[in-house]
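Me: I'm new to this one, could you walk me through it?
Reply: Gladly, let me put it up so that we can look at it together.
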Amino acid sequence: MLEISALLAVSLLGSIPIIKKIEKKKRQKHQERLELSAYLLGIQKEIEELTTEIYLQKKWLHENFIDEVTEIIQNDKGILNYLDRELAPDIFEIYENKKHWLKYINYEFFEDELKTYANYFKNIESNPLTTMQRMAIITHEENNLILAGAGSGKTSVILAKVGYILKKGYATQDEVLVLAFNKQAQQELEERIKNRLNVNITIKTFHAFGRSIVKESKNFEEMITKATQAIEKGSYNSPYRYIFIDEFQDISENRNRLILSLKKQNSANITAVGDDWQSINKFAGSNIDIIQNFEAHYGSTVTIKLDYTFRFNNSIAKASQ
């Protein structure tokens, strides 16, 4: 019996360091969770202090808030037990349903902007802009795809969105580029933007823009290829932070590469406007797949469909959509 007791005592003595080690890990985990929960409460406070002047679906928010919150909780779901839902409602909502949270949190922004710029949206064109036109203008993602059928007022959206970006101070006139596919469209955009907004932004055809970079007279496609190469090599530094592309359904692989190179060089915000059911320039090498799979080419995107046509009965427009 004495031998058994001695062995038991030795066994117990041997397990004490292990028990202490386990207890130490528990204390460390507890302290770590306390620190992370305090950090998450700090993020909650930052969210509460954001004003409705900020469009929250911008890339920086994904990086600074959503991705960070999600990563912390996914690494240790036990942190949720250290948080009070009433004190950190946004943290729980981000983790449980970030898409729903984004829609909800942006609702106030849209409501305020629609009121603040009501006169601008009403008077910028001869007809007041429709609700969807206004939403397309206010939406401020890194990549914005506006699908607009014939006569739905896509040029008005480009014009008004340019003005809105300048009014908000998101960019200066020198930082905005509008690209069109032909001279007629370029001249119309230039005339309307100048008359309505009284601003001097860069509005060019793809060919003219390419020529402004390479300073040589080449055929239409070679010019664009050379311009793209200059951008990719860094021999041309783009000043453009906001790029608009009209008739995007007619985009070719070559032109698309040009836009992507501009975007990459300056983290440019892209707004593409087009009709994914129409492509009239197939002879010029257009690829309808680019607009139909826009997000695959450009990354996270908000897509808005304009719901009204000024050229023919709206019921026909709905049927065509």
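Me: Before that, what am I looking at?
Reply: This is a predicted model, in which local features need pLDDT of at least 70 and side-chain atom pairs count only at pLDDT 80 or more, while totals for chains, interfaces and linings use all residues. Residues are numbered from 1 along each chain as its sequence is written, and side-chain values use heavy atoms, with hydrogens and water left out.

Me: OK, what order do the strands of the sheet have?
Reply: The sheet is open and has six strands in the order β3-β2-β4-β5-β1-β6, with parallel pairing. Strands here are DSSP runs of E with at least two residues, helices are runs of H or I with at least four, both numbered from the N terminus, and two strands pair if DSSP finds at least two bridges between them.

Me: And which strands stand at the edges?
Reply: Those are β3 (202-205) and β6 (302-305), and because each has a single partner strand, one side of each is left without a neighbour in the sheet.

Me: How is β2 joined to β3?
Reply: Strand β2, residues 176-180, runs parallel to β3 and is joined to it by four bridges. Leu179 has Lys204 in β3 as its bridge partner, and Leu177 has Thr202 in β3. Between β2 and β3 the chain crosses through helix α7 (residues 183-197), and this β-α-β crossover is right-handed (with the strands pointing away from the viewer, the path from the first strand over the helix to the second runs clockwise).

Me: Switching topic, how many aromatic pairs are there?
Reply: A search of the whole structure finds 12, where rings of Phe, Tyr and Trp (its six-membered ring) pair if their centres lie within 6.5 Å, and planes under 30 degrees apart count as stacked, over 60 as edge-to-face and the rest as tilted. Tyr120 and Phe121 form a tilted pair, at 5.6 Å centre to centre and 55° between the planes.

Me: Is Phe121 buried or exposed?
Reply: Phe121 counts as buried, because its relative accessibility is 0%; buried means under 20% relative accessible area, exposed over 50%, and partly exposed in between, with a 1.4 Å probe and protein chains only. Tyr120 counts as buried at 12%.

Me: What about the rings of Phe209 and Tyr236?
Reply: Their centres are 6.4 Å apart and their planes stand at 90°, so the pair is edge-to-face. This pair links distant parts of the chain, 27 residues apart, with Phe209 in helix α8 (residues 206-214) and Tyr236 in the loop between α9 (220-233) and β4 (242-245).

Me: Last topic: where does Phe248 lie?
Reply: Phe248 lies in the loop between β4 and α10 (253-266), and at 0% relative accessibility Phe248 counts as buried. Leaving aside neighbours within four places in sequence, Phe248 is in contact (heavy atoms within 4.5 Å) with residues including Phe181, Ile259, Val273 and Tyr298.

Me: And which residues of helix α5 are buried?
Reply: In α5 (residues 131-138), Gln133, Arg134, Ala136, Ile137 and Ile138 are buried. These buried residues pack against α3 (89-116), α4 (118-123), β1 (143-147), α6 (154-168) and β6.
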